[in-house]
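Hello,

Here is the structure I promised to pass on to you. Please open it next to this email, and I will walk you through what turned up.

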Amino acid sequence: KNIPFKKLNFEWRQYIPEEMEWEEAKILFSKLFSGKILADKVILHSSLSQVLNSNSLLFKFCRGNALLPWITRNFQFEYIPIYIVRHPFAVVCSQIRHGAWDNTALKFQLSNTLSQHSLYTNHINILDSLTTKEEILTAQWCLSNSMTIAKSGKTEKWLTINYEDLVIESDLILQKILNCWNMEYDITKLDLQKDSSTTQADSPV
């Protein structure tokens with residue numbers, strides 16, 4: 001929903017091939033990472049004053065998994081990105097229970113801006129055969145994560161963390177992240193039991 005990116009026809013689950021040269025997108029991400037693009041969602045958890053007076057910014061991309069190889073090819077970060085992967089069946093179950101995906105079309109739909117990418121065309125026969133909400137949402141997860149997962153373990157540009165491990169062994173995984181960043185922090189100060197703002201009241205997590 002960020003207007004500058006919308007002008008480039010960015011999608012909810014935008015994919016950019018790792019080797020693609022896209023100067024306009026690179027300029028926008030450079031502005032975003034330097035704090036020059038601010039919108040309501042960007043400063044959802046911080047005040048404008050905190051953002052303007054901080055010496056670093058923390059970004060969370062909920063639907064940017066397919067962008068990670070391209071972003072890390074074009075930008076170097078002092079602290080490498082953390083790529084958190086949750087089991088696709090758990091993701092789909094959560095989406096269905098949440099209710100926001102109740103109106104998911106029962107046919108896989110591609111926009112004009114993404115339909116020509118090989119990430120999609122290579123699987124078009126499978127995508128065209130899907131007929132249930134569960135199948136559609138699982139396919140979206142696979143397409144959003146497949147390219148990045150394939151490179152995980154073969155790159156040092158980001159650290160891959162399993163969501164389930166993070167929930168079950170929070171202290172251990174957080175320490176792994178801190179070690180990767182060469183950072184010291186007292187994790188006992190963190191409230192690891194606090195629910196996300198989108199967590200449902202009857203959520204088992």
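What share of the 205 residues in the protein is buried? The answer is 30%. Please keep in mind as you read that this is a predicted model.

First, the overall layout. The protein has 10 helices and 2 strands, and along the sequence they come in the order α-α-α-α-β-α-α-α-α-β-α-α. If you take the contacts between residues at least 6 apart in sequence, 69% of them join residues at least 24 apart.

Next, the aromatic residues. Searching the whole structure gives 13 aromatic pairs. One of them is Phe10 with Phe29: the ring centres are 6.0 Å apart and the planes meet at 55°, so this pair is tilted. Phe10 sits in the loop between helix 1 (3–6) and helix 2 (23–33), while Phe29 belongs to helix 2, so the pair ties together parts that are 19 residues apart in sequence. Both partners are buried, Phe10 with a relative accessible area of 11% and Phe29 with 2%.

Phe29 also pairs with Trp70. Here the ring centres are 5.8 Å apart with the planes at 55°, so this pair is tilted as well. Phe29 in helix 2 and Trp70 in helix 4 (residues 68–74) are 41 residues apart, and their pairing links distant parts of the chain. Trp70 counts as buried, because its relative accessibility is 0% and the cut-off for buried is under 20%.

Phe10, Phe29 and Trp70 are also members of one aromatic cluster.

Now to the second largest pocket. Its space comes to about 560 Å³. It is lined by 20 residues, and those closest to its centre are Glu11, Trp12, Arg13, Gln109 and Gln140. Helix 8 (residues 133–151) gives the largest share of this lining, with 5 residues. By type, the lining of the second largest pocket has 11 nonpolar, 5 polar and 4 charged residues.

Two single residues are also worth a look on your screen.

Ser152 is in the loop between helix 8 and strand 2 (159–162). Is Ser152 buried or exposed? With 19% relative accessibility, Ser152 counts as buried, because the cut-off is under 20%. The side chains of Ser152 and Trp158 are joined by a polar contact of 3.1 Å. Setting aside neighbours within four places in sequence, the residues in contact with Ser152 are Tyr83, Trp158 and Thr160.

Asp165 is part of helix 9 (residues 163–168). At 31% relative accessibility, Asp165 counts as partly exposed. Not counting residues up to four places away in sequence, Asp165 touches Ser170 and Ile173. Along the chain, Asp165 and Val85 are 80 residues apart, yet their C-alpha atoms are separated by 9.8 Å.

That is the tour for now.

Best wishes

Methods. Residues numbered from 1 in each chain as written. Predicted model: local features only at pLDDT ≥ 70, side-chain atom pairs only at ≥ 80, totals over all residues. Heavy atoms only, no water. 1 Å grid on protein atoms, 1.4 Å probe; cavity = no way out; pocket = protein on both sides within 12 Å on 5 of 7 lines; lining within 4 Å. Points joined across faces, edges and corners; volume = space filled by probe spheres on them. Helix = DSSP H or I, 4+ residues; strand = E, 2+ residues; numbered from the N terminus. Nonpolar A, V, L, I, M, F, W, Y, C, P; charged D, E, K, R; others polar. Buried < 20%, exposed > 50% of the residue type's maximum accessible area, 1.4 Å probe, protein only. Polar contact = N/O pair within 3.5 Å; in protein donor to acceptor, adjacent residues only side chain to side chain. Contact = heavy atoms within 4.5 Å. Phe/Tyr/Trp six-rings, centres within 6.5 Å; stacked < 30°, edge-to-face > 60°.
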